[in-house]
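Here's a quick briefing to read alongside the model. Have the sequence and the 3D view open as you go.

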Amino acid sequence: MIPESLQLDTLTFEVRRSPRRRTLELMVDRSGALRIYAPQKADSDELIRWISGKLLWVHGKLAAKAQVASQT
């Protein structure tokens, strides 16, 4: 199965869907990979609108990770 992904700005988000999930969740993992956990029925337009509202948070997390990485 090919993983689903969404591109927004210069960021690529891996989308993981579940039939049991009811809410959206956004995660920036330790390596800086971006993941969205979404209900099976959520359409891509809905995900893009939701992510657009979270871009400031995402860029802040990525900047913090870059700063920590540059200090080590």
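Predicted model: local features only at pLDDT ≥ 70, side-chain atom pairs only at ≥ 80, totals over all residues.

Residues are numbered from 1 along each chain as its sequence is written, and side-chain values use heavy atoms, with hydrogens and water left out.

**The core**
- The largest nonpolar core has 15 residues, and Phe13, Ile36, Leu47 and Ile51 have the most contacts inside it.
- Such a core is a set of buried Ala, Val, Leu, Ile, Met, Phe, Trp, Tyr and Cys residues joined through side-chain atoms within 4.5 Å; buried means under 20% relative accessible area, exposed over 50%, and partly exposed in between (1.4 Å probe, protein chains only).
- At least two residues of this core come from each of β1 (4-8), β2 (11-18), β3 (25-28), β4 (34-39), α1 (44-52) and α2 (55-71); helices (H or I, at least four residues) and strands (E, at least two) are DSSP runs, numbered from the N terminus.
- Not counting residues up to four places away in sequence, Leu47 touches Leu6, Val15, Arg17, Leu24, Ile36, Ala38 and Ala42; contact means heavy atoms within 4.5 Å.

**Trp50**
- Trp50 sits in helix α1 and is partly exposed, at 24% relative accessible area.
- Leaving out residues up to four places away in sequence, Trp50 touches Leu24, Glu25, Leu26 and Ile36.

**Arg35**
- Arg35 lies in strand β4 and counts as buried because its relative accessibility is 16%.
- Beyond four places away in sequence, the residues Arg35 touches include Glu14, Arg16 and Asp29.
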